[in-house]
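Please look through the sequence and the model shown here before reading the report.

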Amino acid sequence: TGRDLRGDFLPFYPVVFGSMKNVSVSVYDRIPAVLLFGRTNFSARVTAAFIGTLSLIVIFLLVKEITNRTDIALFSSFLTAISPWHLQFSRFGTENIHITLYIPLSLLLFIVGIRKEKFFLLLLSLLSMFFAFYSYAAADVFILPFICGLGVIYRDYFLTHRKQFFTLALLTVVFLIPFMLLMIHNPHVSENRLADVSVFRN
């Protein structure tokens with residue numbers, strides 16, 4: 001029907017488990033499987049399995065880019081493939097598995113973009129990072145500090161490519177607008193998020 005549990009049509013923030021969460025990517029990317037296979041257990045899980053498989057390829061490419069060694073890249077993908085966490089969530093069909101694809105993909109595009117000085121790869125990297133941001137509710141805790149950390153680590157590059165830096169910074173703010181509007185107009189959601197991620201919660 002294109003409606004969430006509250007009856008809203010194609011919402012940016014669908015209601016999941018009784019509350020609005022920033023998991024729109026992991027909700028809408030299941031639509032092709034549902035259209036192909038119907039509303040079955042298989043269609044609910046096949047997208048996560050596909051994403052989990054793609055993440056192994058991306059992790060291989062990322063590690064090979066960093067180390068320039070095929071054996072280490074293969075071993076890294078193998079360890080990921082047999083990881084109990086990865087096995088569980090890539091078959092269970094939850095949104096957690098998305099970050100194992102989008103964050104390594106973002107890093108791969110970022111590193112290659114810096115090395116080859118290809119700005120469009122940096123744009124794709126930022127897009128992939130925000131795919132992760134809007135696919136897993138807990139990602140909002142660490143993705144922004146992660147982006148800032150990359151900026152600090154590669155500050156020498158951005159000091160000589162200031163236009164690229166300010167463009168990426170502006171796009172980051174733009175990508176964050178839906179999240180900020182959600183927090184502003186729905187204070188109970190922000191309170192629940194703080195409670196969910198607090199280290200002081202029992």
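## Basis and overall make-up

This is a predicted model, in which local features need pLDDT of at least 70 and side-chain atom pairs count only at pLDDT 80 or more, while totals for chains, interfaces and linings use all residues. Residues are numbered from 1 along each chain as its sequence is written, and side-chain values use heavy atoms, with hydrogens and water left out.

The chain has eleven helices and two strands, where helices (H or I, at least four residues) and strands (E, at least two) are DSSP runs numbered from the N terminus. Read along the sequence, these elements follow the pattern β-β-α-α-α-α-α-α-α-α-α-α-α. Of the 202 residues of the chain, 41% count as buried; buried means under 20% relative accessible area, exposed means over 50%, and partly exposed lies in between, with a 1.4 Å probe and protein chains only. Among contacts between residues at least 6 apart in sequence, 59% join residues at least 24 apart, a contact being heavy atoms within 4.5 Å.

## Packing around helix H7

The axes of helix H6 (residues 99–116) and helix H7 (residues 119–133) come within 8 Å and cross at roughly 165°. That makes H6 roughly antiparallel to H7. Here axes are lines fitted to C-alpha atoms, for helices over the stretch in contact, and angles run from 0 to 180 degrees between N-to-C directions; those under 35 degrees count as roughly parallel, over 145 as roughly antiparallel, 65 to 115 as roughly perpendicular and the rest as oblique. The contact involves residues of H6 including Ile99, Tyr102, Leu109 and Phe110, and residues of H7 including Leu121, Ser125, Met129 and Phe131. The residues of this contact of H6 with H7 divide into 14 nonpolar, four polar and no charged, with Ala, Val, Leu, Ile, Met, Phe, Trp, Tyr, Cys and Pro counted as nonpolar, Asp, Glu, Lys and Arg as charged, and the others, Gly among them, as polar.

H7 also packs against helix H10 (residues 162–185), at an angle of about 20° and with the axes 11 Å apart. That makes H7 roughly parallel to H10. Among the residues that meet are Leu122, Leu126 and Phe130 in H7, and Leu168, Leu171 and Phe175 in H10. By class, the contact of H7 with H10 has twelve nonpolar, three polar and no charged residues.

## Aromatic pairs

A pair of aromatic rings is described by the distance of the centres and the angle of the planes. Rings of Phe, Tyr and Trp (its six-membered ring) pair if their centres lie within 6.5 Å, and planes under 30 degrees apart count as stacked, over 60 as edge-to-face and the rest as tilted.

Phe110, by contrast, is buried at 7%, and Phe158 is buried at 8%. Because Phe110 lies in helix H6 and Phe158 in helix H9 (residues 155–159), their pair ties together parts that are 48 residues apart in sequence. Ring pairs link Phe110, Tyr154, Tyr157, Phe158, Phe165 and Phe166 into a cluster.

## Single residues

Phe89 lies in helix H5 (residues 84–92) and counts as buried, at 15% relative accessibility. Leaving aside its neighbours within four places in sequence, Phe89 is in contact with Ala48, Thr94, Asn96 and Ile97. The C-alpha atoms of Phe89 and Gly52, which are 37 residues apart along the chain, are separated by 8.3 Å.

Asn68 has a positive phi of about 60° although it is not a glycine; Asn68 lies in the loop between helix H3 (41–67) and helix H4 (70–82) and is exposed, with a relative accessible area of 63%. Glu117, found in the loop between H6 and H7, has a phi near 55°, again a positive value in a residue other than glycine.
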